[in-house]
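Thanks for coming. Please have a look at the structure on the screen, and I will walk through it piece by piece.

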Amino acid sequence: MLFTKKAIHVLAFTSIFVLTASLAGCMSIPAFTKTDFTDEELLDKAEFAIGVERSELSLVPGSVMNDKHSVQYQIKDVTGATYRCYFNYTSDMGITGKSTNTSDAVCSKIGHAGDTTTKGNKARASKKSTGPCNDLLRAAGRC
């Protein structure tokens with residue numbers, strides 16, 4: 001006899017274990033990656049992040065960069081101010097089908113039409129509080 005009973009049982013157990021582990025591993029690997037977010041989705045996220053109506057925002061053409069788990073893009077408002085935004089996302093195939101979970105967008109103002117200072121820093125620094133001064137305003141240099 002080529003194999004003993006014990007060797008056959010070990011081989012069968014090992015084969016079943018490997019097959020089960022392989023199938024379980026396939027269930028946890030993302031089955032797809034969402035790469036296309038619509039302009040409306042991007043503007044909705046920016047609207048929430050900066051507090052400007054979506055109708056007053058536009059996507060800067062060619063600014064969308066989508067990698068495996070995040071999206072970066074730029075928007076402009078009607079005054080000409082430009083913002084850089086990004087958010088993270090995960091996409092996977094679960095029992096209920098495809099799903100994409102996204103974080104909220106984070107946006108930072110990076111410039112304004114007609115602003116000749118570096119990123120508007122001098123203009124912001126010159127704004128002083130006209131009301132009562134508190135510790136927070138003093139720390140921000142607004143008093």
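Let me begin with the salt bridges. This is a predicted model, and the structure holds two salt bridges. One of them joins the side chains of Arg 54 and Asp 44, with 2.9 Å from N to O. Where do Arg 54 and Asp 44 lie? Asp 44 is in helix H2, residues 39–50, while Arg 54 is in the loop between helix H2 and strand E1, residues 57–59, so the pair ties together parts that are ten residues apart in sequence.

Is Asp 135 buried or exposed? Asp 135 is exposed, because its relative accessible area is 59%, and the cut-off for exposed is over 50%. Arg 138, at 47%, is partly exposed.

Now the whole chain, briefly. The protein chain has four helices and six strands. Read from the N terminus, the order is α-α-β-β-β-β-β-β-α-α. There are 143 residues in the protein chain, and buried residues make up 20% of them. If you take the contacts with a separation of 6 or more, 39% of them are between residues 24 or more positions apart.

In soluble globular proteins, nonpolar side chains tend to be buried together. Here the largest nonpolar core has 17 residues, and the ones that touch the most other members are Leu 42, Ala 46, Val 71, Tyr 73, Ile 75, Cys 85 and Phe 87. Which elements give two or more residues to this core? They are H2, E1, strand E3, which covers 70–77, and E4. The largest share comes from E4, with four residues.

Take Cys 85 as one example from that list. Setting aside neighbours within four places in sequence, Cys 85 is in contact with Ala 46, Val 71, Gln 72, Tyr 73, Ile 75, Val 106 and Cys 107.

Next, the aromatic rings. How many aromatic pairs does a search of the whole structure find? The search finds three. In one of these, Phe 37 and Phe 87 have their ring centres 5.2 Å apart and their planes at 90°, so the pair is edge-to-face. This pair links distant parts of the chain, with Phe 37 in the loop between helix H1, residues 5–28, and H2, and Phe 87 in strand E4, residues 82–94; the two are 50 residues apart. Phe 37 counts as buried because its relative accessibility is 13%, and Phe 87 counts as buried at 1%.

Phe 37 also pairs with Tyr 89, and that pair is edge-to-face as well, at 5.1 Å centre to centre and 70° between the planes. Tyr 89 lies in strand E4 and Phe 37 in the loop between H1 and H2, so this pair ties together parts 52 residues apart in sequence. Tyr 89 is buried, like Phe 37. Put together, Phe 37, Tyr 73, Phe 87 and Tyr 89 form one aromatic cluster. There is a charged neighbour too: Lys 45 lies over the face of Phe 87, at 4.9 Å from the ring centre.

Ser 63 lies in the loop between E1 and strand E2, residues 65–66. Ser 63 is buried, because its relative accessible area is 15% and buried means under 20%. A polar atom of the Ser 63 side chain lies 3.1 Å from the backbone nitrogen of Gln 74. Not counting residues up to four places away in sequence, Ser 63 touches Gln 72, Tyr 73 and Gln 74.

Lys 109 is in strand E6, residues 106–111, and counts as partly exposed at 44% relative accessibility. Which residues is Lys 109 in contact with, leaving aside its neighbours within four places in sequence? They are Ala 81, Thr 82 and Tyr 83.

Note on methods. Residues are numbered from 1 along each chain as its sequence is written. This is a predicted model: local features need pLDDT of at least 70, side-chain atom pairs count only at pLDDT 80 or more; totals for chains, interfaces and linings use all residues. Side-chain values use heavy atoms; hydrogens and water are left out. Buried means under 20% relative accessible area, exposed over 50%, partly exposed in between (1.4 Å probe, protein chains only). Contact means heavy atoms within 4.5 Å. A salt bridge is a side-chain nitrogen of Lys or Arg within 4 Å of a carboxyl oxygen of Asp or Glu. Rings of Phe, Tyr and Trp (its six-membered ring) pair if their centres lie within 6.5 Å; planes under 30 degrees apart count as stacked, over 60 as edge-to-face and the rest as tilted. A charge sits over a ring if NZ of Lys or CZ of Arg is within 6 Å of the ring centre and within 35 degrees of the ring normal. A polar contact is a pair of N or O atoms within 3.5 Å; within protein, one must be able to donate a hydrogen and the other to accept it, and residues adjacent in sequence count only if both atoms are side-chain atoms. A nonpolar core is a set of buried Ala, Val, Leu, Ile, Met, Phe, Trp, Tyr and Cys residues joined through side-chain atoms within 4.5 Å.
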